[in-house]
Amino acid sequence: MKVSKIMTRDVRLVHPDHSIREAASLMAEIDAGALPVGANDRLVGMVTDRDIVIRALAHGSSVNTKVDVIMSREVLYCFDSDEVDDVARNMGKARVRRLAVLNRDKRLVGIVSLGDIARNDQATNIGQTMTRVSAPGGKHDQTAAH
């Protein structure tokens, strides 16, 4: 099955100059734990609810701190034409819970999450992915310096 069949399509973005309060409000409005960060028609990062709490608030940062300060700049992604099994395996290896989904023109067309995979894939595949994702560390480790 292709990622395009299971991904979330209606993706909202936040700008790097927006405050973490604005990002958190948008997350609450759309019931999402992560937002792509876009500027000048380009995907420049991702910000998660954990980024806001652990990289900002836990260190005493103001709610007016800019998203740019805490976002992950290395955006991991997959293509809408990729196979779900391959994407799930890659998410496990990278230890991430969500990936931006791009089309072949490298334009953001969606987000795929572990939840999307769990609702649409075999139980053994999601179990293996969850085991890998849940291991400490990974690309977006919250203790990494930024």
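Reader: Which residues of helix α2 are buried, and what makes them line one face?

Author: In α2 (residues 49–56), D51, I52, R55 and A56 are buried, meaning under 20% relative accessible area, with over 50% exposed and anything between partly exposed (1.4 Å probe, protein chains only). Looking down the axis of α2, the buried residues fall within an arc of 105°, so they line one face of the helix. That arc is taken from the directions from the helix axis to the C-beta atoms. Helices here are DSSP runs (H or I, at least four residues), strands are E runs of at least two, and both are numbered from the N terminus.

Mind you, this is a predicted model, where local features need pLDDT of at least 70 and side-chain atom pairs pLDDT 80 or more, while totals for chains, interfaces and linings use all residues. Residues are numbered from 1 along each chain, and side-chain values use heavy atoms, without hydrogens and water.

Reader: What do the buried residues of α2 pack against?

Author: They pack against α1 (20–30), β2 (42–48) and α3 (67–70), contact being heavy atoms within 4.5 Å.

Reader: Why is S19 called buried?

Author: Its relative accessibility is 8%, and the cut-off is under 20%, so S19 counts as buried. S19 sits in the segment before α1. Leaving aside neighbours within four places in sequence, S19 contacts V63, N64, T65, K66 and V67.

Reader: Why is the pair of Y77 and F79 called edge-to-face?

Author: Ring centres must lie within 6.5 Å to pair; planes under 30 degrees apart are stacked, over 60 edge-to-face, and the rest tilted (Phe, Tyr and Trp, the last by its six-membered ring). One aromatic pair comes out of that rule. The centres of Y77 and F79 are 5.6 Å apart with planes at 85°, so the pair is edge-to-face.

Reader: Are those two residues buried or exposed?

Author: F79 has a relative accessible area of 16%, so F79 is buried. Y77, at 37%, counts as partly exposed.

Reader: How do you know that R104 lies over the face of F79?

Author: The rule wants NZ of Lys or CZ of Arg within 6 Å of the ring centre and within 35 degrees of the ring normal. R104 lies over the face of F79 at 4.1 Å from the ring centre.

Reader: Which helix has the lowest mean pLDDT?

Author: That's α6 (residues 123–133), with 60, whereas α1 has the highest, 97. pLDDT is the predictor's confidence in each residue, from 0 to 100. Where pLDDT is low, the predicted coordinates should not be read in detail.
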